[in-house]
Amino acid sequence: MSDNQGQTLEHLPLDELTACHECDLLMRRETVPLGQRSVCPRCGYELEIHRPYMVRRALALVLTALVLYIPANFMPIMHITILGQVSTDTVWSGVQGLYNSSMKGVGVLVFLCSMVIPLAKLLCQLFVLITLRFRVFRPQGMLLFRGYQHLREWGMLEVYLMGILVSIVKLIGMAELHVGLGLACFVALLLTQIWLEVTMSHHQVWGELSGEFDHASH
Ligand SMILES: [Zn+2]
């Protein structure tokens with residue numbers, strides 16, 4: 001995709017140009033064949049990728065994530081035994097505990113960032129993929145994909161996981177601690193979401209939503 005003929009770029013129409021997100025290098029845009037990717041010649045940033053079967057792969061991942069969402073939030077993250085008393089904690093019980101204490105605001109924030117927004121993101125992705133798979137509701141799909149891009153900044157599962165790990169390290173000397181199945185599901189959910197975001201590359205999804213890649217990658 002490189003084009004170093006700087007003097008000729010200014011005469012090209014805008015839809016034939018592309019700029020690198022990382023270093024702003026302006027280049028002539030070329031079609032990326034199915035199964036290949038293009039990178040910036042200056043900084044090596046991935047400009048576009050055209051994955052085969054992207055929609056099917058992403059659908060499998062989004063359904064896996066939705067299945068994992070329930071145990072990740074409602075199954076025990078850890079069992080803590082202090083002075084013979086066992087307490088079992090889930091993400092949901094953590095949210096309830098914060099809300100019922102003097103930290104209502106923090107409880108609402110954790111509820112939004114760890115439960116509501118990750119679920120909303122997954123549902124947006126599911127709708128966009130159904131739109132692409134069955135070629136229906138494309139304008140609504142575009143709207144939801146735009147909304148998904150705003151939600152990405154607010155879903156903070158990784159921050160929550162870091163909080164869980166820090167509390168495990170801190171509690172380990174003070175109490176008997178057993179990690180629950182919920183934590184394994186939580187980590188699996190996080191990894192599935194990362195894999196899903198990599199699979200649903202924005203260029204490709206926008207290209208398919210706008211009908212640019214209509215022939216391919218289902
Ligand atoms: Zn670059």
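User: How many bridges join strand S5 to strand S6?

Analyst: This is a predicted model. S5 covers residues 78–82 and S6 covers residues 85–89. The two strands run antiparallel, and the bridges that join them number five.

User: Which residue takes a positive phi in the hairpin of S5 and S6?

Analyst: Two residues lie between the strands of this hairpin. One of the hairpin's residues has a phi near 50 degrees. That residue is Leu83.

User: Which strands stand at the edges of the open sheet, and why is one side of each left without a neighbour?

Analyst: The sheet has three strands in the order S6-S5-S7, with antiparallel pairing. Each edge strand has a single partner strand, so one of its sides is left without a neighbour in the sheet. The edge strands are S6 and S7.

User: What is the average twist from one strand to the next?

Analyst: The sheet in question is the open one with the order S6-S5-S7. From one strand to the next, its twist averages 15 degrees.

User: Are helices H2 and H7 roughly parallel or roughly antiparallel?

Analyst: H2 (residues 54–74) and H7 (residues 181–199) pack with their axes 9 Å apart, at an angle of about 155 degrees. Angles over 145 degrees count as roughly antiparallel. H2 is therefore, relative to H7, roughly antiparallel.

User: How many nonpolar residues does the contact of H2 with H7 have?

Analyst: H2 passes H7 in a left-handed crossing. The H2 side includes Leu61, Ala65 and Leu68, and the H7 side includes Phe186, Leu189 and Trp195. By class, five residues of the contact are polar and one is charged, while the nonpolar ones number 16.

User: What is the distance between the axes of H6 and H7?

Analyst: H6 covers residues 157–171 and packs on H7 at an angle of about 150 degrees. The two helices are therefore roughly antiparallel to each other. Their axes are apart by 10 Å.

User: Which residues of H6 make the contact with H7?

Analyst: H6 passes H7 in a left-handed crossing. On the H7 side, the contact includes Leu183, Val187 and Leu190. By class, the contact has eight nonpolar, one polar and one charged residues. From H6 come Leu157, Glu158, Leu161 and Ile164.

User: How far apart are the end C-alpha atoms over residues 106–134?

Analyst: An unreviewed UniProt entry lists residues 106–134 among those for "transmembrane region". Over this stretch the chain is 100% helix and 0% strand. The end C-alpha atoms are apart by 41 Å.

Technical notes:
Residues numbered from 1 in each chain as written. Predicted model: local features only at pLDDT ≥ 70, side-chain atom pairs only at ≥ 80, totals over all residues. Axes fitted to C-alpha atoms, helices over the stretch in contact; angles between N-to-C directions. Helix = DSSP H or I, 4+ residues; strand = E, 2+ residues; numbered from the N terminus. Parallel < 35°, antiparallel > 145°, perpendicular 65-115°, else oblique. Left-handed = near helix turned anticlockwise from the far one by under 90°. Contact = placed C-beta atoms within 7 Å. Nonpolar A, V, L, I, M, F, W, Y, C, P; charged D, E, K, R; others polar. Pairing = 2+ DSSP bridges. UniProt positions renumbered as here; feature names shortened; annotations may be inferred.
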